[in-house]
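This report covers a helix and what covers it, a helix pair, and the surroundings of a ligand.

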Amino acid sequence: MPSYQRPNIQAMAGYTWGEQPDDRRTIKLNTNENPYPPSPAVDEAIAAITGTDLRRYPQPTADPLRVEIAKTHGIEQNQIVITNGGDEALRLAITTFVEPTATIAVTEPSYSLYPVLADIHGSQMLRIKLGESWEFPENFAQRANEAGAQLTCIVNPHAPSGTLVDTETLSTLADALDGVLLVDEAYVDFVDPELDYDCTSLINKHDNVLVLRSFSKGYGLAGMRLGYLFGTETLIDPIITKTRDSYNIDHISQAVGLAAFTDQAYAQNTWTAVREQRNLVRNALLQLGLESPPSQTNFILATVTIESPANAEALYEALKNAGILVRYFPTMKDKLRITIGTPQENEQLIATLTKLLT
Ligand SMILES: Cc1ncc(COP(=O)(O)O)c(C=O)c1O
């Protein structure tokens, strides 16, 4: 039987998503969702939507949301495109800026969706290994340029390590790269404000920088699929006018996204709570012998070097049996990625780990 698939689709493996149990009892620390629900303004926005609102197509470019985001970032509305999650933003960046068969550069490790999207597009992947402390190798830009990378995706703060590079490093990289630099800031809301990290200025300084944001983590809306890209108008305009689906953001998502984004105070309180818990969880992990780099995200990457109860995979299984889901990646055999939960969830995690490891 013919498969009818394009050869690259036939040959590729799809994305492996994290387990999504439908019971409410599992402590779910495996897909980096916000442990807190979205702002109560979201409930009000949902309650205000009627079937009649859905009769017509939505506002084509999600303008009320773009206006609000522009105001908050101090940029222009035409420097923003709203997308169905950060994932659609990545797909659009590839569709718009990468010739099929050309190269996309990423760090190794990084977000496991990048190679999947490259496979779909038919592009080559250049994976540049990060150093021992998750730092870029010195010749990063040179290697990307030599491979003809038309797009380079950098996750900052980095997933899965949680570490952060500063904006000067990104600015130097943007200068040195021949292609577009996409800074994937899916986790940026959890960065310590004292670090003064802010990529917004980069988009006015560099005509090849795109910044990705997600509503999934910071705004507690992973179930909604909402994100955005910002950059110079020359990068954003072809996405708005040519490559995205017409009406890509439905009416409900626009209304809910606007409600969540406008209530910055609520969202920021959840970020502060996550930061506080992140420190407590990391200290507890270190005391248990689970090394982990300081994280600027809502997760921690723990290295399991101890032999009880064997290795990272065994520990993942033991936690799962105890009703706690964390993420184990077969590509990182000695590591577990653990999302920061509510104080109660974190307490239970630490108590269970203590039982398993001591
Ligand atoms: C590094 C990174 N980028 C982008 C995304 C996409 O996020 P979403 O599509 O949920 O907005 C994720 C989601 O886990 C991620 O980890």
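## Helix H10

The buried residues of H10 are Ser-253, Gln-254, Ala-255, Val-256, Gly-257, Leu-258, Ala-259, Ala-260 and Phe-261; buried means that 20 or more other C-beta atoms, placed from the backbone, lie within 10 Å of the residue's own. With nine of its 12 residues buried, H10 is mostly covered. Helix H2 (40–48), helix H3 (63–73) and H11 are among what covers these residues.

H10 runs over residues 251–262 and spans 17 Å from first to last C-alpha, close to the 16 Å expected at 1.5 Å a residue. The expected span is 1.5 Å times one less than the number of residues. Helices here are DSSP runs (H or I, at least four residues), numbered from the N terminus.

## Source of the model

The model is predicted: local features need pLDDT of at least 70 and side-chain atom pairs pLDDT 80 or more, while totals for chains, interfaces and linings use all residues. Residues are numbered from 1 along each chain as its sequence is written.

## Helices H11 and H13

H11 (residues 264–287) and H13 (residues 343–357) pack at about 5 degrees, with axes 11 Å apart. The two helices are therefore roughly parallel (angles under 35 degrees).

In H11, Gln-277, Leu-280, Val-281 and Ala-284 meet Pro-343, Asn-346 and Ile-350 of H13, contact meaning C-beta atoms, placed from the backbone, within 7 Å.

## Around the ligand

The ligand is surrounded by 13 residues, and the closest are Gly-85, Gly-86, Ala-186, Ser-214 and Ser-216; the limit is a C-beta atom, placed from the backbone, within 6 Å. Helix H4 (residues 85–97) gives the most to this shell, with three residues.

Note on methods: Axes fitted to C-alpha atoms, helices over the stretch in contact; angles between N-to-C directions. Parallel < 35°, antiparallel > 145°, perpendicular 65-115°, else oblique. Contact = placed C-beta atoms within 7 Å.
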